[in-house]
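I opened the model today to look up a few local features and to note down what I found.

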Amino acid sequence: MFRRDYLVRLIEDMTQMIAKVFSLKQERKHTEALWELDELFKRQFRLNSELLRSLSAADIEQLFRSHGYLEADKLQSAVRLMEEEASLLLELEREEEAVMLYTKVFQLYLKSALQGADLKLIGLTERIGMVRERLRSYALPETAMRDYYAYTEQQGMYAEAENTLYQLLDNGKMEYGEAVQFYQRLQLKLPEDLAKGGLPLEEVYEGMDELNRRFPHAAVNGDKSFT
């Protein structure tokens, strides 16, 4: 109960601050908005935005681990402020910094979701989708794409998971056998769930056929396929 009350108060504080930041953005007071975010980072997380910009996503994740356990909801809350900062940097035409920060945001949102974060706390599903669109034209680290692949399958977004799977395959970041396992898992799903996820059962079979066409040698030499 204490943890939940803390999170509710944290989100209320963040919501007020984000509204204030939005107002400052409207007034073109971007520097003041960045200061406000930095103060909230310090007050709520004992961190500062400069430090977070200098650390990798993996290092930031470690800051939110306690006794080996990831405080996923606390992490997603901090990352929500990082996302707002990335937006400010983009408006200041500091594109390279903004893209680097958005990439960390994407990675850390995914880690939070995969580690059991409350998806409703900050609207995590929607936020992941928006950041993904922001980064659509940029190359992403393999770890981010793999986590996105796992996340989209976990959330029943099967068409998006398949698209990500083929990106990994095309970049040599996934083996044929792992891709086969994806289609085998989908074959066990209810047809209505597959359709809801944008990949009807007949398209699952089509996807497997396409996979075998792309990797004929692997398909012939013992990797299991559908029957």
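**Pocket, a buried glutamine, and a helix**

I began with the pocket lining: helix 2 supplies the largest share of the lining of the largest pocket, namely five residues. This is a predicted model, and I read every entry below with that in mind. Besides helix 2, the elements that give two or more residues to the lining of the largest pocket are helix 3 (49-54) and helix 5 (72-91). I noted a volume of about 170 Å³ for the largest pocket, and I sorted its lining into six charged, three polar and three nonpolar residues. Among the lining residues I listed Asp-38, Lys-42, Glu-50, Arg-53, Glu-85 and Arg-94, along with Trp-35 and Leu-89.

Next I turned to Gln-44, which I placed in helix 2 (residues 30-45). Is Gln-44 buried or exposed? I recorded Gln-44 as buried, because its relative accessible area is 18% and the cut-off for buried is under 20%. Its side chain is joined to that of Asp-13 by a polar contact of 2.6 Å, and, leaving aside neighbours within four places in sequence, I found Gln-44 in contact with Tyr-6, Leu-10 and Asp-13.

Last, I looked at helix 8 (residues 142-154), whose 13 residues reach 18 Å from first C-alpha to last, close to the 18 Å expected. Its buried residues include Tyr-148, Tyr-149 and Tyr-151, and also Asp-147 and Glu-153. What covers the buried residues of helix 8 includes helix 6 (95-114), helix 7 (124-134), helix 9 (158-170) and helix 10 (176-187). After helix 8 comes Gly-156, for which I noted a positive phi, near 75°.

Key:
Residues numbered from 1 in each chain as written. Predicted model: local features only at pLDDT ≥ 70, side-chain atom pairs only at ≥ 80, totals over all residues. Heavy atoms only, no water. Helix = DSSP H or I, 4+ residues; strand = E, 2+ residues; numbered from the N terminus. Expected span 1.5 Å × (residues − 1). Buried < 20%, exposed > 50% of the residue type's maximum accessible area, 1.4 Å probe, protein only. Contact = heavy atoms within 4.5 Å. Polar contact = N/O pair within 3.5 Å; in protein donor to acceptor, adjacent residues only side chain to side chain. 1 Å grid on protein atoms, 1.4 Å probe; cavity = no way out; pocket = protein on both sides within 12 Å on 5 of 7 lines; lining within 4 Å. Points joined across faces, edges and corners; volume = space filled by probe spheres on them. Nonpolar A, V, L, I, M, F, W, Y, C, P; charged D, E, K, R; others polar.
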